[in-house]
Every structure is written in structure tokens, then in C-alpha cells.
Amino acid sequence: MTNSEGNHGEDVKEYYFYLDSTPTHSYMKYLYKYPQAAYPYADLVETNRRRTKDDMEYELLDTGVFNEDRYFDVLVEYAKEGPEDILVRITAANRGPEAAEVHVLPTLWFRNDWSNWIAESNRTSTKPVLTQVDATAGATAVAVTHPLLDDLIFSCEGNVPLLFTENETNHERLFLGQKNESPYVKDGINDYIVQGKHGAVNPGKQGTKVAAHYRVKIDAGQSKVIRLRLSKSSPGQKSEPFGKQFDEIFTNRLCEADEFYESVTPPSVSEDAARVMRQALAGMLWSKQFFFFDGDNWLDEHHSNPLHSGYRNARNSEWFHMLNHDIISMPDKWEYPWYAAWDWLSTRSPSQSWTPTSPRSRWN
């Protein structure tokens, strides 16, 4: 819900839970509850819009979309073999009374720092690229090439179709009279799946955004596991990215997570309270975001820098000197960090003071 749509303002109508994480993110676990019926977007918007601030909010559960437990529990786990070897395990469980199909789209993309609208001083000289390469043993593979990173391989278990686009905004859809830099824009994967527009993805099997298209039917009460791996190794060096070692790594990392939380949980805490404490801390760790804001570059991109001639007055014009480069914990992680005192929780030392003197307040 946007501010004008929700009867209590901006709100997310989804059910997701950050269940576990270590401080180094060597192990992480997340749960998403996904209804099997069509998502009731219009019903949520229209019903909440009609309600007043004195009424209860109309939630996703109220729509009836979860009736008879017709939904999937989608559990996503991460485990690290090393700093540049990340294993992913997705378990989709059908909680409903009948078999149902689900589309699972694990997606890899580059942050867009190459497009023409980005200030030249902040633009990447060489555009990164994702390219489908020959399959490894039991996997479909993507070569990951970036001018500032080591070459990586994204391995997707099984023979699975790969959908490529550019991670670029669909300007033709959002802004009247503007043209797209590429015919394969970032929402092309959605258009391919939902609207059947096969021309929305790149047949050349390359781009700056890729999704593996798993389409699986799951019987009632059963589950399906999808495994992925982002590794520094080439396909030849790691011929079996999903060998028996894969699950052993998950087992070891989970044991290490158990040991860590046992070491930081006070002995006086009950078993149930310890689980609450662990999930609360995990949520804080999952919500970490790197926040980089270069005011000078931002104003250049919007042609609003007062240090240049012919600038147009715009918001933040007086903040050209600002340069933020920090890691924060963001309670509303669905929203990109911005300067609202209620949204900011720094990961810095507790000895540093919080001074809520203005909407732009932060750690001093």
C-alpha cells in the first residue's frame, strides 16, 4: 500500500519471516508464505482505500487467499563454503489439500551503474555481463563477468531455462515519451512469465539480469528442493557443484550457528525465549543494508547541482556536500533507506549516541 492507499498509510501486505542468521552470514534462513490463488492486489488496494484511519487494516489473510491452507511455504537457506562460494537451498512445501504448481525464479543481477542517466563520474566504464555457458554435471550455468570482481559461475541444479534481460528501468512504461536503452528491460522476466511475452527476454542468453525458471508441480503435503551455487570456480574446476558435499556444508554451518547462539544466550533464558531471541537477532542481521549516497553525484544525475551553471532547483540541492558510506540495519527492509529517524538503526558501537534532532538525524 502507498500512503494514499493504506488506511493507516504505507504498508506491506505479505508474510515473510527472517528465521536465522550468523553475524558473518555463513548461514541464513528465511520463510515466505505464497498463496496458490491469484494474488488479490485489487481487493487489497480497494478495500483499504475505502476504510478510515479508525478502521482495522484489511490484511492479506482477510482476503481468504489462504483458506484451506492453499499456499506454499517457501524456505530459503544460504550457506557459505567460503567468502566467494555461496550455496542456496530453496524448499517449496505445498500446505494445501491438492497438488499445485509454482514458478520459482531465483534471480541474479548487477547493480545498474552503467546507464546513460547515471552521472558520468559515477558510471562504470565497462558494462558487466551474465552469459549462459555450457552446462556442468547436473546443472545449468551462467558466467558472471564484472570489471571489478573476479569471474564467478552461477550454477542452477538441473536442466532449467534461463531468462535474461538488462537490469534497466522500463522508461517507456513509466515516463511518457522516453525510450528504453535496450528492448530487454528489467520487468521483462515478469512479462514473460505472467503475460507470455517471449520477446521480452533476450534470446541471445546474456544480459545484466538472469532468472532460472523452475516450474514445478508439488503434491499435497509434499515439498520440492531447488539448489543453486554462486562460486568463484569454473565449471571445469567444480564439475559437481551439487555433490554430496553440498548438503554437508549446510549441516556444518547450521551446527556452527547453533554453537554461536548458545554462546551468546544467557543461561537463565528459557528454551522458548532463547528461540525468540535468536530470531530477533537474526532479523536484525538479515536487515543489514549497505547505504551509499553521494549527494554531489545524485544532484549531477538530476541536473540539480548548485555548483554547476544552469542547474534547476530540486530537493536536496543544498546537500551537495553529503557523502554517506555505511552499513545500517533497516527495520522496513522493503523500503530503501532514507532520512527518517524512525527507520535508522546503525550497526555501529552502542557507545555512540543517537540524536533525534531532525528528520535527517542519524548516529553521530
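Visitor: Which residues are linked in a network of salt bridges?
Guide: This is a predicted model: local features need pLDDT of at least 70, side-chain atom pairs count only at pLDDT 80 or more, and totals for chains, interfaces and linings use all residues. Numbering starts from 1 along each chain as its sequence is written, and side-chain values use heavy atoms, leaving out hydrogens and water. A salt bridge here puts a side-chain nitrogen of Lys or Arg within 4 Å of a carboxyl oxygen of Asp or Glu. The linked residues are Glu77, Arg89, Glu157, Arg227 and Asp247.

Visitor: How many salt bridges does a search of the whole structure find?
Guide: Side chains of opposite charge can pair when their charged atoms come close. Over the whole structure, the search finds 26.

Visitor: Is lysine 13 buried or exposed?
Guide: Lysine 13 forms a salt bridge with aspartate 11, at 2.7 Å from N to O. Buried means under 20% relative accessible area, exposed over 50%, and partly exposed in between (1.4 Å probe, protein chains only). Aspartate 11 has 21%, so it is partly exposed. Lysine 13 has 7%, so it is buried.

Visitor: Glutamate 81 and arginine 253 meet in a salt bridge; how many residues apart in sequence are the parts that the pair ties together?
Guide: The N to O distance of this bridge is 3.8 Å. Helices (H or I, at least four residues) and strands (E, at least two) are DSSP runs, numbered from the N terminus. Glutamate 81 lies in strand β3 (residues 71–82) and arginine 253 in helix α4 (residues 244–264), so the distance in sequence between the tied parts is 172 residues.

Visitor: Which strands stand at the edges of the open sheet of nine strands?
Guide: Two strands pair if DSSP finds at least two bridges between them. The order is β1-β2-β3-β4-β14-β9-β8-β7-β11, with antiparallel pairing. An edge strand has a single partner, so one side of it is left without a neighbour in the sheet. The edge strands are β1 (16–21) and β11 (206–207).

Visitor: What is the bridge partner of threonine 131 in β11?
Guide: Strand β7 (residues 129–136) pairs with β11 in the antiparallel sense, over two bridges. In β11, threonine 131 has as its partner glutamine 206.

Visitor: Which helix packs on the sheet and touches β1, β2 and β3, with its direction at about 100° to that of β1?
Guide: Contact means heavy atoms within 4.5 Å. Axes are lines fitted to C-alpha atoms, for helices over the stretch in contact, and angles run from 0 to 180 degrees between N-to-C directions. Helix α4 packs on the sheet too, touching β1, β2 (27–35), β3, β4 and β14 (223–231), but its direction makes about 90° with that of β3. The helix asked for, residues 271–286, is α5.

Visitor: What is the relative accessibility of isoleucine 90?
Guide: Isoleucine 90 is found in strand β4 (residues 85–94). Leaving aside residues up to four places away in sequence, its contacts include Val74, Val104, Pro106 and Ile226. Isoleucine 90 counts as buried because its relative accessibility is 8%.

Visitor: What share of the residues in the protein is buried?
Guide: The protein has six helices and 17 strands. Of its 364 residues, the buried share is 44%.
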